[in-house]
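Take a moment with the sequence and the model shown here. The paragraphs that follow lead from a metal site out to the loops.

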Amino acid sequence: MTSAFPPPISEPDPSTFTCSSSMVGPCSGCQRSTHKYSSGGLPLCHWCMTTARENWGAGVRFTSTRTQAS
Ligand SMILES: [Zn+2]
């Protein structure tokens, strides 16, 4: 568990504040609005990405979200 608990899903990811609305899409993890498309976009919101990094380590790859359960 992390000390910084994510805000409600109704709250958009902070990354949406600095990108065009046309680049905003639902997070692949929690469906929160996030900067998903175009350069600099991520399939996961800030909160899911933080969790993913903690689970996967520093060498996180966006293409391997479905790794075998360990
Ligand atoms: Zn998310």
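What is the geometry of the site of the zinc ion, judged by the angles among its four donor atoms? The site is tetrahedral, with angles of 105 to 114° among the four donors. Keep in mind that this is a predicted model. Ideal angles for four tetrahedral donors are 109.5 degrees. A set of four donors counts as tetrahedral because all its angles lie between 85 and 135 degrees. The angles of 105 to 114° at the zinc ion meet that test.

Which atoms hold the zinc ion? They are the SG atoms of Cys27, Cys30, Cys45 and Cys48, at 2.3 Å. Along the chain, these donors of the zinc ion are spaced as C-x2-C-x14-C-x2-C. Two of the cysteines, Cys45 and Cys48, are buried.

Now step back to the whole protein. Two strands and one helix are present. In sequence order, the pattern is β-β-α. The strand β1 covers residues 24-26. The strand β2 spans 33-35, and the helix α1 spans 46-56. Of the 70 residues in the protein, 21% are buried. The protein exposes about 5100 Å². Consider next the contacts with a separation of 6 or more. Residues 24 or more positions apart account for 14% of them.

Thr16 sits in the segment before β1. Is Thr16 buried or exposed? Thr16 is buried, because its relative accessible area is 13%, and the cut-off for buried is under 20%. A polar atom of the Thr16 side chain lies 2.7 Å from the backbone oxygen of Asp13. Leaving out residues up to four places away in sequence, Thr16 touches Val24, Ser33, Thr34 and His35. Val24 belongs to the range of β1 (24-26).

Move on to the loop between β1 and β2. Gln31 has its place there. Gln31 is not a glycine, yet its phi is positive, at about 70°. Most residues other than glycine have a negative phi.

The loop between β2 and α1 comes next. Ser38 is found in this loop. Like Gln31, Ser38 is not a glycine and has a positive phi. The phi value of Ser38 is near 65°. Ser38 is exposed, because its relative accessible area is 52%, and exposed means over 50%.

Ser39 lies in the loop between β2 and α1 too. How does Ser39 count, as buried or exposed? Ser39 counts as exposed, because its relative accessibility is 68%. Ser39 and Met23 are 16 residues apart along the chain. Their C-alpha atoms are separated by 9.0 Å.

Leu42 is partly exposed, because its relative accessible area is 27%, which falls between the cut-offs of 20% and 50%. Along the chain, 27 residues separate Leu42 from Ser15. The C-alpha atoms of Leu42 and Ser15 are separated by 9.5 Å.

To close, return to the metal. Cys45 and Cys48 are buried, and both are among the donors of the zinc ion. Ser38 and Ser39, in the loop between β2 and α1, are exposed.

Methods
Residues are numbered from 1 along each chain as its sequence is written. This is a predicted model: local features need pLDDT of at least 70, side-chain atom pairs count only at pLDDT 80 or more; totals for chains, interfaces and linings use all residues. Side-chain values use heavy atoms; hydrogens and water are left out. Donors are N, O and S atoms within 2.8 Å of the metal (3.2 Å for Na, K and Ca); water is not among the atoms, so sites may look incomplete. Four donors count as tetrahedral if all angles lie between 85 and 135 degrees; four count as square planar and six as octahedral if opposite donors are over 155 degrees apart and all others between 65 and 115; anything else is irregular. Buried means under 20% relative accessible area, exposed over 50%, partly exposed in between (1.4 Å probe, protein chains only). Helices (H or I, at least four residues) and strands (E, at least two) are DSSP runs, numbered from the N terminus. Contact means heavy atoms within 4.5 Å. Accessible areas come from the Shrake-Rupley method with a 1.4 Å probe; for residues, only the protein chains shown count as cover. A polar contact is a pair of N or O atoms within 3.5 Å; within protein, one must be able to donate a hydrogen and the other to accept it, and residues adjacent in sequence count only if both atoms are side-chain atoms.
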